[in-house]
Each structure stands twice: as structure tokens, then as C-alpha cells.
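Please find below a colleague's note on the structure shown here. The points are numbered so that each can be checked against the model.

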Amino acid sequence: MKTYRVAIIGTGAIVTSHIEALRHAGDRVEIVAAVDTDEAKLKAFCEQQQISQGFTNTTDMLSAVQPDLVHVLTPPFTHFDLCVQCLEAGAWVYCEKPLCASLDQFDRLSEAEVRTGRYINTVFQWRFGSAVKHLKRLLAANELGDPLVGVCNILWYRPLAYHQVAWRAKWATETGGATVGHGIHLTDLFLYLFGDWRDIRTIAKSLDRPIEVDTVAMSTLRFENGAMGTVNTSTVSPRQETYLRLDFQRATVECTALYRYTNENWRFSTVDGSPDEANLSRWQTIEQNTKGSHAEQLTEMLHSMDVNERPSVSGAESRRILEFNASLYKSAFTGEVVERGSINEDDPFYYSMNGAMESLPK
Ligand SMILES: NC(=O)c1ccc[n+]([C@@H]2O[C@H](COP(=O)([O-])OP(=O)(O)OC[C@H]3O[C@@H](n4cnc5c(N)ncnc54)[C@H](O)[C@@H]3O)[C@@H](O)[C@H]2O)c1
């Protein structure tokens, strides 16, 4: 099997998860270079990880190294340009969330994929644990009945100091607030599991923090299949919890966790005394016990590269959460109910998450 030559762009906080994933991939990958605009940080990282080539800009790295795969781990506003550059240099890309700043950028990235024959995989590690794969199989077999009610709560806590890093808490550089920075993983999972959403109404504000972007966003949504749901994201909640509850006709499925889950975080229930009680132990029995991790997603990506196929979190599977977040913010700024598919090239929310508006309603 081919060993892929990998470069990393951005050696900040999240690089640890990517190093863990790359080490897990063993001899399927060789880390050939790292890039960071912060020279001291880059040097320390390369020394610690024994990476022989460090660069302070991506253009130099791409021409010197010509990697097969690039991990883009920089602040959100830089993702679009870096992804295009990497694709044009012939590399596949594994890019951190949020993939880019807008639907406009996403659609231009898709054109670059077509032009270059390479793909971008967005990091959504929550989709890759054994419990989610198991649940997807149950849903595909229609074992649990129709989806009815979904509750998606990302109630976290970030002190003011967290937002005071230069790129954070600004529309221009973080591209949004709690919604794009924190709620995005569980919300992506919710939409991945529950079917196409139809419309959304949202209230959001910078509650208790003097910053531009949302610290709280609360949305209600309807799904094409008739189900209803709520998505609540906060970064001002002292007792932190990540909670997903999916009510189907025959079972309730819940995940209670914080940043990662294993099988133990998932619970299946049914109506007391119903015939489905006989199914519970089967539903609750999950093969293997892998957490949703960067490593699991990377393993799948390397397989996609082997067979030269689109990785699973790309294309429409990657656009869904961007469109959802653009719609969520449009509803929060305008007070309108926003329908899926309604934000097009004539809409300011196609070009940025805040639709060029200055501040969220008080
Ligand atoms: N998947 C997850 O669970 C998860 C968790 C945390 C962060 N993230 C995402 O990872 C990305 C990075 O977040 P972080 O917390 O590691 O940020 P960070 O600020 O800790 O690190 C970013 C690094 O990128 C470098 N950088 C900035 N611009 C650059 C450029 N143009 N070229 C090369 N290097 C550049 C900075 O010097 C810094 O070292 C963000 O998109 C964030 O949303 C994902």
C-alpha cells in the first residue's frame, strides 16, 4: 500500500489531534513538512515531532515538498486560500472546521476540486465513532421508525480570555461565534442522522461577553420528513454538557458527553412494556468501541485516496452544515424563517455568515 507524503499547515492547539491521527496511521503516512507563520512555534514543533522541513509560508512548502496530502489547521479565515493552493499543487486536503467562510467560498472550492481532480475532506470527527456508525446502520435498516423530535445541545463555557486571541470572536476571521466554533460538530452530526432540514428560526446574541459574534444561539427547525428539532449552542454555560437526543417512533437515542464519546456515552430506550423492549439489548450492543476521532476519519480518508474517490465528508456532505449555519445566522440577524436552499448568489448571506450586517439584534 502506498505511503502518502503529508504536510501540516498550522501548528497550534488542534495539531495534537492530527499528530495522534497521523501516528495512528503508521506507515501509511510520512510527515514530510510543517508550515506556520510563527517561526518560533514552528521550530519547536518540528523539533518535538522530528519533522525535517519547516516553512513559514505555504507556497514555498508546496513547491519544495509536493505533498500528497495537506492538513490545514489554521484559523478559519485562512482556509479557503490555503485549500485552493494545496489543490492546485496536486494535494488532497484534510481541513479543520469550519471549512470556509461562506457558501460562495464553498462553491468555489468545489470548482477547484473539479479543476484539479483532488478532494477536500472536512474534519467532522464526531461522525466516525463506532456508536454513530452503528446508529447509521440501524437507521438505514429503518429499525427505529420515523424520526420525530431532536434535541441538540452544545452547552459549553469559554471565559473572556479565550476570545481574546487575535483571530477569535470576529466575523472576519473566526467567521462566526459559538455556532461555527463550537456547536458545529454536534449540529453536523444531528443533521447527518436526522434527515434534510426544511426551515429554521433562530435567536442569537453575544450574551455576557463584549464580542461581535454569538455566544448563544437557539434555533427551532422543521425537517422534510416532518420531524421537529432544536439546536442550542452556548459558550457561557458553567456546567458544560454536549447532549443529543433523537426520538424515533420506536426508540429514544441519547448521547451525553463533552468533547468526545465512546459507546458508553450512548443510551437506547423504548416505551416501558412495549414489544420493542425485546430489541433494546440488540440496539444497545455496538460492535467495537471506537471514539469519534480525527484518527478514524483519517483512516477512511487514506482509503479514499487509495481508490481515488471523494471522501465521505466532502461535497454535499460538507456543504450541508455551512448552508445550515448561513441560514441560522440569516434568521438570527433578520428575524425571518429561512428555508433550506433559499440562500443563493443574490443573498448577502451567501457571501458571509453575517451577511455584511454589523451586529446581532440586542
Ligand atoms: N475538530 C476540532 O475538534 C477542533 C478543535 C479546535 C480547533 N479546531 C479548528 O482548528 C483550526 C485551528 O484552531 P487552533 O485552536 O489550533 O488555532 P491556534 O490559534 O491554536 O493555531 C493556529 C496556528 O495557525 C498558524 N497560522 C495562522 N495563519 C497561518 C497561515 N496563513 N499559514 C500558516 N500558519 C498559520 C498560527 O500561527 C497558529 O500557530 C480552527 O479552524 C479551529 O476551528 C478544530
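1. Basis of the note. This is a predicted model, in which local features need pLDDT of at least 70 and side-chain atom pairs count only at pLDDT 80 or more, while totals for chains, interfaces and linings use all residues. Residues are numbered from 1 along each chain as its sequence is written.

2. Domains. The chain is divided into domain 1 (4-122) and domain 2 (126-294 + 322-339), with bounds that come from an automatic or database domain assignment. Their C-alpha centres lie 27 Å apart. Domain 1 gives 14 residues to the contact and domain 2 gives 12, two residues being in contact if their C-beta atoms, placed from the backbone, lie within 7 Å. On the side of domain 1 that touches domain 2, the elements giving two or more residues are α1 and α5 (103-116); α1 gives the most, with four residues. Helices (H or I, at least four residues) and strands (E, at least two) are DSSP runs, numbered from the N terminus. By class, that side of domain 1 has nine nonpolar, three polar and two charged residues. Here Ala, Val, Leu, Ile, Met, Phe, Trp, Tyr, Cys and Pro count as nonpolar, Asp, Glu, Lys and Arg as charged, and the others, Gly among them, as polar.

3. Core. The largest nonpolar core has 103 residues, and A7, A34, C83 and V93 have the most contacts inside it. Both domain 1 and domain 2 give residues to this core, so it lies between them. Such a core is a set of buried Ala, Val, Leu, Ile, Met, Phe, Trp, Tyr and Cys residues joined through C-beta atoms within 7 Å. A residue is buried if 20 or more other C-beta atoms lie within 10 Å of its own, exposed if 12 or fewer, and partly exposed in between, with C-beta atoms placed from the backbone. Neighbours within four places in sequence aside, the contacts of V93 include V70, V72, C83 and I120.

4. Ligand shell. Which of the 23 residues around the ligand come nearest? They are G10, G12, A13, I14 and E96; a residue is near if its C-beta atom, placed from the backbone, lies within 6 Å of the molecule. The shell divides into nine nonpolar, nine polar and five charged residues.

5. Helix α10. The 14 residues of α10 (residues 294-307) should span 20 Å at 1.5 Å a residue, and the end C-alpha atoms are 20 Å apart, which agrees; the expected span is 1.5 Å times one less than the number of residues. H294, E296, Q297, L298, M301 and L302 are buried in α10, and their cover includes β1 (4-9), α1 (15-24), β5 (92-95) and β6 (120-122). M305, also in α10, is partly exposed, with 18 other C-beta atoms within 10 Å. Residues up to four places away in sequence not counted, M305 touches Y4, L69 and W92. Just after α10, N308 takes a positive phi of about 55°.

6. Backbone points to inspect. The peptide bond from K97 to P98 is cis, with omega near -20°, and P98 is found in the loop between β5 and α5. N142 is not a glycine, yet has a positive phi of about 50°; N142 lies in the loop between α6 (130-140) and β7.
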